[in-house]
Amino acid sequence: MGDLAVTSKEGPKLPIPGQRNVLITSALPYVNNVPHLGNIIGCVLSADVFARYCRLRGYNTVYICGTDEYGTATETKAMEEKCSPKEICDKYYVIHRQVYEWFNISFDKFGRTSTPEQTEVCQAIFNRLLENNWLSENTMQQLYCDTCTRFLADRLVEGTCPTQGCDYTSARGDQCENCGKLLNPTELKDPKCKVCKSTPRIRDTNHLFLELPLLKDRLEEYINKMSVEGSWSQNAIQATNAWLREGLKQRCITRDLKWGVPVPHDNFRDKVFYVWFDAPIGYVSITKCYTPDWEKWWKNPEDVELYQFMGKDNVPFHTVMFPSTLLGTGENWTLMKTISVTEYLNYEAGKFSKSKGVGVFGNDAKDTNIPVEVWRYYLLTNRPEVSDTLFTWADLQAKLNSELLNNLGNFINRVLSFVAKPLGQGYDSIIPDAQDAISDPLTEKIAEKVGKCVEQYVEAMEKVKLKQGLKLAMSISSEGNAYLQESQFWKLYKEDQTRCSIVMRTAVGLVHLLACLLEPFMPSFSVEVFKQLNLSPETHISLCDDKGDIDRARRPWEFVPRGHKIGKPEPLFKELNDDEVDSLRKRFAGSQADRKEREEAEAVKLAEQLKKSKVSG
């Protein structure tokens, strides 16, 4: 996983006619900061779960992502850190890669948008739009800072949100972080230049616009068809309809910046493309970096299904702007089939915020010593699919201790530890026979329940209902614990060896099944379970129809063969106690700046104590 990609011995994967070909993208994270847990669950982790599920099912799957590197956000960060935009991108690209690598995100390609391929694809799409007369030149009013002697791009302006009832005083020039409303910088009340804090003035400047109103009929035809066929999430439909109800307006696609894709037009040589025109094109250019045959994925709607994952603030750009751009080229693009959107994950008493440094960030998670599978599980059980959800340390502790440790971990350890016991007490690590398992009423009952549960799991996951899929998988562990208790296997071992063998081989089969079903959610957990089963994850992690895996869930005793020797059972999860939770809550209170201040104060205090101890010594 060093290169943060799923390696294929045959080279890059290409669509295979007649097979199910799934192209998955996650919203490209801005490269100007470290991703926080809200960003991670909002796009990359959710998309990773679905990509892993698709591979589990045997679909020909490619998962594409990368850092969004152009635009004002990068220029602003470069100013803050007194370096060039390229240096900022290089620095944060590595940080993003490391965070996603630790979270076991299985990209097929994790690229970046500041590449020659991005310029080529972006300019080619622009030229097609120009040829097809979907672009217009217009004069617009923009804020100009006399102190900095430059036009101010959206994110270089901050002011009070003009939306009635909001009045947020730190609204950006492109969008209010508080109410989510998309803005133009000139709409802000009391605007200020973010660089020098002076008040800018309005000046005329020429720009290029995409004529969305002229593309309305084609766009609405696409939305009406695909939102039904692709079972778009309700929040995506609502956000898209809100844009359509307001009436489509021409959208500016150029900006007065230096850091971006240059506009190949004689009248606009001093401008670059607006980041929200070129960022979604990044999915295409990153695929081009993955394979020179990228058009087989992106210009092949007959054979390829496109699934896109993002937070709710990104919806209109993916359901209106990007499809309109592609439709306007007149080419046969693979348009998005399914969109999966998350609401916000809030932190303890407030919002996660990259700009304010509030919450737990990707690199922080690693430093807590809480294993990655616990983080993935907690974020996914708390995935804000329908409404905002809340991250709290107490809730993380409760889910780890009750659901992972006492339910899942307890079931697996109980089963494997008993099988591993020496003869006379267990099976000396050898899987027993399970003759006539179906004739045992208790086993028949659990087999029926588990079979239905797996069918429901597949149904939920196909509809990208990830939280429901995880809940259904975990319910098999609860059923397994109940099965063990009801069978009283410890008594059966002494009183009815044949029946005990049926129960234990069935229970081992459930362990195997759980490791498969939970692999998309907790891959490192599944690898460890297969190690304890002494089976290869590469050959055994599967849920394919053509291999009969779904059907076999109704006969769980068939998963692990008779006579197979298991490995050494070990506890899979460790309890998180109250003192550790209190310590973590205090450690991550306030903003990153507050934390730094506390750490520095602690360091000074410690240095003074050492100094005193040396003097007294």
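How do the axes of α13 and α18 cross, and within what distance do they come? The axes come within 11 Å and cross at roughly 10°. This is a predicted model, in which local features need pLDDT of at least 70 and side-chain atom pairs count only at pLDDT 80 or more, while totals for chains, interfaces and linings use all residues. Residues are numbered from 1 along each chain as its sequence is written, and side-chain values use heavy atoms, with hydrogens and water left out.

- Helix α18 covers residues 523-533; helices are DSSP runs of H or I with at least four residues, strands are runs of E with at least two, and both are numbered from the N terminus.
- Pro 523, Phe 525, Ser 526, Val 529, Phe 530, Gln 532 and Leu 533 of α18 are buried, where buried means under 20% relative accessible area, exposed over 50% and partly exposed in between, with a 1.4 Å probe and protein chains only.
- The cover over these buried residues includes α1 (37-56), α12 (372-381), α13 (393-420), α17 (497-517) and α19 (537-540).
- After α18 comes Asn 534, which has a positive phi near 65°.
- Two packed helices are described by the angle between their axes and the distance between the axes.
- Axes are lines fitted to C-alpha atoms, for helices over the stretch in contact, and angles run from 0 to 180 degrees between N-to-C directions.
- α13 and α18 are therefore roughly parallel to each other; angles under 35 degrees count as roughly parallel, over 145 as roughly antiparallel, 65 to 115 as roughly perpendicular and the rest as oblique.
- Leu 408, Ile 412 and Leu 416 of α13 meet Phe 525, Val 529, Gln 532 and Leu 533 of α18, with contact meaning heavy atoms within 4.5 Å.
- By class, this contact has six nonpolar residues, one polar and no charged; Ala, Val, Leu, Ile, Met, Phe, Trp, Tyr, Cys and Pro count as nonpolar, Asp, Glu, Lys and Arg as charged, and the others, Gly among them, as polar.

**Cavities**

- There are three cavities of 30 Å³ or more; a cavity is a set of points on a 1 Å grid over the protein atoms alone where a 1.4 Å probe fits but cannot get out, and lining residues have an atom within 4 Å of a point.
- The largest cavity has a volume of about 70 Å³, a volume being the space filled by probe spheres set on the points, which are joined across faces, edges and corners.
- The lining of the largest cavity has 13 residues, and Thr 72, Asp 154, Arg 155, Tyr 274 and Val 275 lie nearest its centre.
- This lining divides into seven nonpolar, two polar and four charged residues.
- The second largest cavity holds about 50 Å³ of space, and its lining has seven nonpolar, three polar and no charged residues.
- α10 gives the most to the lining of the second largest cavity, with four residues.

**Two buried loop residues**

- Thr 368 sits in the loop between α11 (362-367) and α12 and is buried, at a relative accessible area of 10%.
- Beyond its neighbours within four places in sequence, Thr 368 is in contact with Trp 375, Trp 393, Leu 584, Arg 587 and Phe 588.
- Val 560 belongs to the loop between α20 (549-552) and α21 (578-587) and counts as buried at 1% relative accessibility.
- Val 560 and Thr 506 are 54 residues apart along the chain, and their C-alpha atoms are separated by 8.9 Å.

Key
On a 1 Å grid over the protein atoms alone, a cavity is a set of points where a 1.4 Å probe fits but cannot get out, and a pocket is an open set with protein on both sides within 12 Å along at least five of seven lines; lining residues have an atom within 4 Å of a point.
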